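Q: Hi! Could you walk me through this structure, one spot at a time?
A: Happy to. Here it is.

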Amino acid sequence: MVSKLLTRTQLEQLFKKNDTSTALKKVKQTDHGSSSWPRFSLVFVNDVGQNFVICDKCRTIVTYKSSTGTGGLKKHLASCDKITLSNTTQSTITTYYTTSK
């Protein structure tokens, strides 16, 4: 595969195939860096950094460019946490009705 910037769809296809050209790298946390980074990994294809990161929790590919900052990462974390809370609540309700019969 040619070393270039790929689209989200192209990256999703590579990850589904467990393509060996892909790599994920954690960002080293610094005192002045975003608190979002511990929950994301940078995406590389053939050692070329892509304009995407991947959420370590839900494995969603999120757009990221250093020039535009981490706002998209923070938005994803808010929605990712809501989904988790929603799933936890749903599980609890299902468990309640199952045990009360």
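Q: Where is T70?
A: T70 lies in the loop between β4 (61–63) and α2 (71–100). Helices (H or I, at least four residues) and strands (E, at least two) are DSSP runs, numbered from the N terminus.

Q: Before we go on, what kind of model is this, and how are residues numbered?
A: This is a predicted model: local features need pLDDT of at least 70, side-chain atom pairs count only at pLDDT 80 or more, and totals for chains, interfaces and linings use all residues. Residues are numbered from 1 along each chain as its sequence is written, and side-chain values use heavy atoms, with hydrogens and water left out.

Q: Thanks! Is T70 buried or exposed?
A: T70 is buried, because its relative accessible area is 15%. Buried means under 20% relative accessible area, exposed over 50%, and partly exposed in between (1.4 Å probe, protein chains only).

Q: And what does T70 touch?
A: Not counting residues up to four places away in sequence, T70 touches S34, W37 and Y64; contact means heavy atoms within 4.5 Å. With S34 there is a side chain to side chain polar contact at 3.5 Å. A polar contact is a pair of N or O atoms within 3.5 Å; within protein, one must be able to donate a hydrogen and the other to accept it, and residues adjacent in sequence count only if both atoms are side-chain atoms.

Q: W37 and Y64 are both aromatic. How do their rings sit?
A: The structure holds one aromatic pair. The ring centres of W37 and Y64 are 4.9 Å apart and the planes are at 85°, so the pair is edge-to-face. For the cut-offs, rings of Phe, Tyr and Trp (its six-membered ring) pair if their centres lie within 6.5 Å; planes under 30 degrees apart count as stacked, over 60 as edge-to-face and the rest as tilted.

Q: Where are the two in the chain?
A: W37 is in the loop between β1 and β2, and Y64 in the loop between β4 and α2, so the pair links distant parts of the chain, 27 residues apart. W37 is buried at 9% relative accessibility, and Y64 is buried at 15%.

Q: Switching to the sheet: what's the strand order?
A: The order is β1-β2-β3-β4 in an open sheet of four strands, with antiparallel pairing. Two strands pair if DSSP finds at least two bridges between them.

Q: How many bridges join β1 to β2?
A: Five bridges join β1 to β2 (residues 40–45).

Q: Which side chains form a salt bridge?
A: K26 and D56 do, at 2.4 Å from N to O. The rule is a side-chain nitrogen of Lys or Arg within 4 Å of a carboxyl oxygen of Asp or Glu, and the count comes to one.
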